[in-house]
Amino acid sequence: MAKSDGCAYFKRTSTFWIVSVTLAVGYFACIVFVPEILPLQYLGPFGTFCRYLVDNHADLMHKVWWAAFAIHVFEALVSLKVCSDKGINNTATCLWFFQTFLFGFASLGLLLKFDPERPKQH
């Protein structure tokens, strides 16, 4: 996975974030685009709240979904710049880009923490 020189550095985000972000984004996408497939009546107060949002604020929900999408795209683009600055190779950069697009700051945070140990040049 990670090499000591930093050139091919990639670290998968934790399973917790993979599951949490996937479920949250998937649920939100269903609420926005196909709310009729979700059994909101069985989700108690949360389902009632979601039904209220779907019925009364659908336009706002669409805007928030597209804003979240744009934020993930922006974070993925930032990961390209960070990879370039840290000397990470193209293959690992692609992995960082896609992982950051999918999981957002949970991935970008790992990349930002990475500190390649470069020898000082005199």
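This is a predicted model: local features need pLDDT of at least 70, side-chain atom pairs count only at pLDDT 80 or more; totals for chains, interfaces and linings use all residues.
Residues are numbered from 1 along each chain as its sequence is written, and side-chain values use heavy atoms, with hydrogens and water left out.

**Stop 1: the pocket.** Select Val 21, Thr 22, Val 25, Phe 28, Trp 65, Ala 68, Phe 69, His 72, Phe 101, Leu 102 and Phe 103, which line the largest pocket. Two or more lining residues come from each of α1 (15–33), α3 (58–86) and α4 (90–103). The volume of this pocket is about 250 Å³. A pocket is an open set of points on a 1 Å grid over the protein atoms alone, where a 1.4 Å probe fits, with protein on both sides within 12 Å along at least five of seven lines; lining residues have an atom within 4 Å of a point. Points are joined across faces, edges and corners, and the volume is the space filled by probe spheres set on them.

**Stop 2: the whole chain.** Zoom out and colour by helix: the chain has five helices and zero strands. Helices (H or I, at least four residues) and strands (E, at least two) are DSSP runs, numbered from the N terminus. The C-alpha atoms fill a box of roughly 65 × 25 × 20 Å, taken along the principal axes.

**Stop 3: Leu 111.** Next, select Leu 111 in helix α5 (residues 105–113). Is Leu 111 buried or exposed? Leu 111 is buried, because its relative accessible area is 0%; buried means under 20%, exposed over 50%, and partly exposed in between (1.4 Å probe, protein chains only). Apart from neighbours within four places in sequence, Leu 111 is in contact (heavy atoms within 4.5 Å) with Ser 79, Val 82, Cys 83, Lys 86, Ile 88 and Trp 96.

**Stop 4: Asp 115.** Move on to the segment after α5 and select Asp 115. This residue is exposed, with a relative accessible area of 62%. Show Lys 86 as well: the C-alpha atoms of Asp 115 and Lys 86 are 7.7 Å apart, and the two residues are 29 apart in sequence.
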